[in-house]
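User: I'm new to reading protein structures. Could you pick one part of this one and walk me through a close look at it?

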Amino acid sequence: YGTNEVPRIAYCPEYTDLLSIPMACIVDPQKRFGLTVALSIADTIQDIDMKTGADGTIVFGRYYHRIVESNPVNFAVDLIAHEPDWRAGLGWMVDRYKEYFYPVMPHVFDLNGTGAYASNHDMGFDVQKMKDMAFSTNWRASFDFPYMGMFIPPVKNEHVKWFSYRHDSICAAEMNDYAERMKSAGFHVLSYLNLNEFGSGVTYPAPAPTTNNPELWWKNTNDYLYGKLSDAILRVPAEMNLEGCYYPKSVNGGPFYTWGDGIVLDCGVPSYKNFLMEQVRRHLDWLPATDGFCIDRYDWWHYFNEQYDDGISWYEGKPARSLRTSLSEFMDEFVPLMHHAGKVIFVNTHTKRIDLLKGIDGIHDEYTQTEGALNTTAFLALKKPALGWTWNKRAIEKLGIDNFFQKFLYMGVFPMCPFPGNDHSLRPDPWTDQAYLDYGPLMQQMKYRKWVLSPDPITVISRNAKANIFEIPEGYIVPVVYATAEIVELALPVLGSGKWQAEVFYPGEKQPVKSELSRNGRSFTLKIPVKRNCAMVRLISI
């Protein structure tokens with residue numbers, strides 16, 4: 001559930017044996033019957049796995065719970081009988097646990113679109129061209145910080161400059177000015193936040209401080225870390241096998257090292273939690289033009305802190321503190337503050353678990369170019385915006401342009417677009433730009449999409465394509481992909497008895513083509529030609 005059975009240090013969700021919602025659905029089409037087994041998302045969940053057998057057995061296993069008299073453990077499971085369609089069981093889950101599946105801030109869908117991860121301050125790009133690629137939001141790669149975690153230093157005001165990680169000078173007022181200019185062009189900016197990783201060039205054991213003045217400690221990673229935050233260091237368990245560790249500086253008993261020779265801290269420890277909340281308040285005060293935060297590196301939440309005891313965890317034969325407990329305690333303070341300020345919260349869902357998304361408004365996932373991560377992300381974002389990732393041009397070339405885009409359309413997730421200055425992600429070039437311009441009109445239809453989870457809302461009668469259906473404010477959109485014939489016939493019982501108008505968007509064509517709907521018993525039917533094995537149908541109530 002969310003991570004691989006044997007998570008590795010610097011885990012990233014490229015595995016395909018993951019589930020992101022703790023449920024199983026059994027369907028018998030011949031008997032017209034479906035049954036969903038749904039574990040409660042509101043329960044305290046440490047770790048879960050699910051094993052299925054060819055004989056029909058389904059076994060959920062739970063791990064790392066401490067079962068003692070002072071800590072009773074209660075689990076809830078629901079059995080839901082429904083129509084023979086997995087959408088019905090999933091729909092029950094979404095309705096039962098709305099606070100996990102729906103965004104708190106409805107305007108977050110304005111940010112939905114192809115995204116970027118760039119640290120540029122300039123606006124030296126063709127604005128209309130980016131809009132034609134369905135571009136909407138830049139999650140700003142935060143190399144403005146002097147080091148990871150010190151996102152806006154404790155300077156006197158927003159006009160005081162500091163030296164950034166890239167050794168240029170910057171101030172908060174300049175960062176806000178960039179967000180203002182992006183907003184005036186019709187785009188959005190998310191600030192970077194990381195709740196676990198801290199510092200760059202961290203030395204272990206602690207070196208001698210460079211100054212005895214605590215007011216200046218922030219200028220040096222090691223001074224601030226060991227002077228103010230040392231009690232929050234997450235230490236590598238003594239028995240952990242570090243063979244093949246992605247960060248070779250990690251040693252048993254020492255800190256977990258990470259990107260840029262930073263280390264991992266526990267955001268549930270008061271010293272670090274208070275430090276992070278100071279950062280959040282500084283952002284809200286000094287960067288009002290930004291739309292909110294995207295929180296990076298959700299892969300650390302499956303670890304345990306053996307230095308603390310949360311009263312509920314049992315790890316490697318002893319009490320411990322789950323970092324998921326720490327996340328929950330941090331979010332109890334962070335989420336209301338952000339939403340009261342009208343800001344949205346996105347996360348980079350390396351750990352693919354729906355129970356970690358309460359209060360979260362959207363997803364900006366770093367691994368959706370891989371199919372396993374695309375699928376798990378899509379189900380986490382059934383009713384939320386989902387921005388994906390494209391590492392480079394080769395990811396598109398490997399699959400082919402049409403195959404690449406059609407998998408994103410089918411799952412209702414936006415791929416990252418070619419944007420100037422993108423960090424470890426797709427950059428512009430004529431071939432890539434044209435591919436995004438070809439599919440831009442189709443992707444633009446997905447901006448306000450939400451999955452339709454009523455039973456049997458769409459059927460490909462001709463059985464020669466795949467099709468999904470999403471609700472939009474004006475009606476529905478239907479991506480038709482991977483077609484193997486020139487004409488695809490659809491049945492749409494979800495439309496009911498009203499009057500509807502259909503228009504069809506094709507790759508490489510800017511304007512849609514009108515199409516005729518026909519009544520066939522209790523359903524509307526639609527026969528549409530496809531181009532490049534694809535069509536995006538927009539259904540509008542009239």
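This is a predicted model: local features need pLDDT of at least 70, side-chain atom pairs count only at pLDDT 80 or more; totals for chains, interfaces and linings use all residues.

Analyst: Happy to! Residues are numbered from 1 along each chain as its sequence is written, and side-chain values use heavy atoms, leaving out hydrogens and water.

Strand β7 (residues 135-139) and strand β10 (residues 188-194) run parallel and are joined by three bridges. Strands pair if DSSP finds at least two bridges between them. Strands (E, at least two residues) and helices (H or I, at least four) are DSSP runs, numbered from the N terminus. Both strands belong to an open, parallel sheet of seven, in the order β6-β7-β10-β14-β18-β19-β20. At its edges are β6 (114-116) and β20 (386-387), each pairing on one side only.

Now for the helices. Helix α10 (residues 401-411) packs with helix α11 (residues 430-444) at an angle of about 35°, and their axes are 11 Å apart. Here axes are lines fitted to C-alpha atoms over the stretch in contact, and angles run from 0 to 180 degrees between N-to-C directions. Which residues of α10 and α11 meet? In α10 they are I401, D402, F404, F405, Q406 and L409, and in α11 they are W431, A435, Y436, Y439, L442 and M443, with contact meaning heavy atoms within 4.5 Å. These residues divide into ten nonpolar, one polar and one charged. In this grouping, Ala, Val, Leu, Ile, Met, Phe, Trp, Tyr, Cys and Pro count as nonpolar, Asp, Glu, Lys and Arg as charged, and the others, Gly among them, as polar.

Helix α10 has another link to follow. The side chains of K407 and E371 form a salt bridge (2.8 Å, N to O). K407 is in α10 and E371 in helix α8 (residues 371-380), so this pair ties together parts that are 36 residues apart in sequence. A salt bridge is a side-chain nitrogen of Lys or Arg within 4 Å of a carboxyl oxygen of Asp or Glu. K407 is buried, at 7% relative accessible area, whereas E371 is partly exposed, at 41%. Buried means under 20%, exposed over 50%, and partly exposed in between (1.4 Å probe, protein chains only).
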